[in-house]
Amino acid sequence: MSDRENEMAANADDGAGKNGEQNAEDAELLSVEATSGDVVLGFDHASTKVKSFPNSPGVYLMKDSAGVVIYVGKAKNLRSRAGSYFLKAASEDARTADWIGDIADIDFVECESEVDALLMESRLIKDIQPKNNKELKDDKSFPYLMITTRDEFPRVEVTREPQSKGVKLYGPFTSAGALRGAIQVMQRIFKFRTCTLDISESDERWQWFRPCLLASINQCTAPCNFRISKEDYRRDIKRLQTFLDGGKTKLLRDMRNEMKAASQSLDFERAAVLRDEIQMIERLEERGELDTHAQPEVFYIDPQKGLAGLKKVLGLSETPRVIEGVDIAHLGGNETVASLVQFIDGLPFKPGYRRFRIQEVKGIDDFRSIYEVVSRRFRGLSDRQEAFPDILLIDGGKGQLNAAMAAFRDQDIQPPTVISLAKRDEEIFRPGNPEPLRLSKSAFALRLLQYVRDESHRFAQHYHHILRSKSSLQR
């Protein structure tokens, strides 16, 4: 490419402050300058020229005889991908057959990685608006990368229906699959959240929230659990935006300066984090194809949607706010214990957690143990005239549910909404209903119940471990 071409491509890549029409005019001038002289433009010229392209990631620009850019594409391997347009198959493909014959010249901009190529392709399409980039598969709209800037902890998502306010948009992109692959790669570096949780720094209950799997595999800083401050999280989002805007060089320079300052102030932990992030950005080209970066399936727990779902599936008159979960733990019939966890507005409220040592049951009997703990818990609430939870969740099936209902009957206490969740098939049992309620495994209501059930099980096992340790020490 000529110096003029390199300059124009760099301007487009850096998102210079030009509108689309001006950039299109610049692209035309660029093409005329590049094809002037004794070169005879045409399909054969472009077919020959593409054979000299490098085998590296980048963006290719197809031009017509007037030098106007008519198509922009990205490639992991420029020579192979761009060269495929000059094969017989391209002239027979319905997506390209109508305009392949218009190609008279072709140029490229080399990129450091496939992710960089994807982002540059998006910026060039937006600025130049080539006529043949407007065709889409299945007549769907282009996918965008959207950052919800008005959220206290902004999230990143792929959308075909972007919001008009309170967001920062990047795109359009030509491939939703490639965009999701790029997001997964970038998430390993910038560790942003992609969930739909409505996180507020002023709501202290989030500190009890259990982060999803992405936090465990170090792909999210878990703002849902306040593991990162709002200021630090927004700093990371700002870095992501700098990268998306084509400012990788500036980003790396700023991060190196920050790493040096952290080291000088003896904040070696922060310096090490920055060092690792810098290395990951520099080694993007080593991260393989975008489509191979599939992260584990993660079911996000949205408390508000979960509660709304429970209201609907359980036929409640009001959206529930307080859920309590009960579980039993024992070891060979010794030291049987029960746990009770409390969730308020879909989030764990640890001051409301309770532990019970089962006193009236000998040996292994989960039914009688549930009967005892439910009796003790709700007799105490009733005597103190304290409010009952909106939902009581029992870990187990129909037998465990019947044991809980027997406790209310024998105590002559009007029960709240009582249900049980059987772990084997994740079926929900309700009093008076012989058939269990089966929800989709991705249903927000089921996810919330699983969260409560799993937390009660964890808390029961923890208490049982404490008692076993004490017993061992006393021997």
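Tyr451 is buried in this predicted model, with a relative accessible area of 1%. Its ring partner is Phe209. The two ring centres lie 5.6 Å apart and the planes stand at 90°, so the pair is edge-to-face. Phe209 sits in the loop between helix 7 (176-190) and helix 8 (213-216). Tyr451 belongs to helix 15 (residues 444-474). The pair thus links distant parts of the chain, 242 residues apart. Phe209 is also buried, at 4% relative accessible area. Arg447 lies over the face of Phe444, 4.8 Å from the ring centre.

The whole structure holds 15 aromatic pairs. One of them joins Phe153 and Tyr233 in an edge-to-face arrangement, with 5.7 Å centre to centre and 65° between the planes. Phe153 lies in the loop between strand 4 (144-147) and strand 5 (156-159), and Tyr233 in helix 9 (residues 230-244), so the pair ties together parts 80 residues apart in sequence. Phe153 is buried at 1% relative accessibility. Tyr233 is buried at 1% as well. Ring pairs also connect Tyr60, Tyr71, Tyr85 and Trp99 into a cluster.

An open sheet of three strands runs in the order 2-1-3, with antiparallel pairing. Strand 2 (69-75) and strand 3 (105-110) form the edges, each pairing on one side only. The twist averages 20° from one strand to the next. Strand 1 (residues 58-63) pairs with strand 3 over six bridges. Gly58 has Glu110 of strand 3 as its bridge partner. Helix 6 (residues 114-128) packs on the sheet and touches strand 1, strand 2 and strand 3. The direction of helix 6 makes about 165° with that of strand 2.

Technical notes. Residues are numbered from 1 along each chain as its sequence is written. This is a predicted model: local features need pLDDT of at least 70, side-chain atom pairs count only at pLDDT 80 or more; totals for chains, interfaces and linings use all residues. Side-chain values use heavy atoms; hydrogens and water are left out. Two strands pair if DSSP finds at least two bridges between them. Helices (H or I, at least four residues) and strands (E, at least two) are DSSP runs, numbered from the N terminus. Axes are lines fitted to C-alpha atoms, for helices over the stretch in contact, and angles run from 0 to 180 degrees between N-to-C directions. Contact means heavy atoms within 4.5 Å. Rings of Phe, Tyr and Trp (its six-membered ring) pair if their centres lie within 6.5 Å; planes under 30 degrees apart count as stacked, over 60 as edge-to-face and the rest as tilted. Buried means under 20% relative accessible area, exposed over 50%, partly exposed in between (1.4 Å probe, protein chains only). A charge sits over a ring if NZ of Lys or CZ of Arg is within 6 Å of the ring centre and within 35 degrees of the ring normal.
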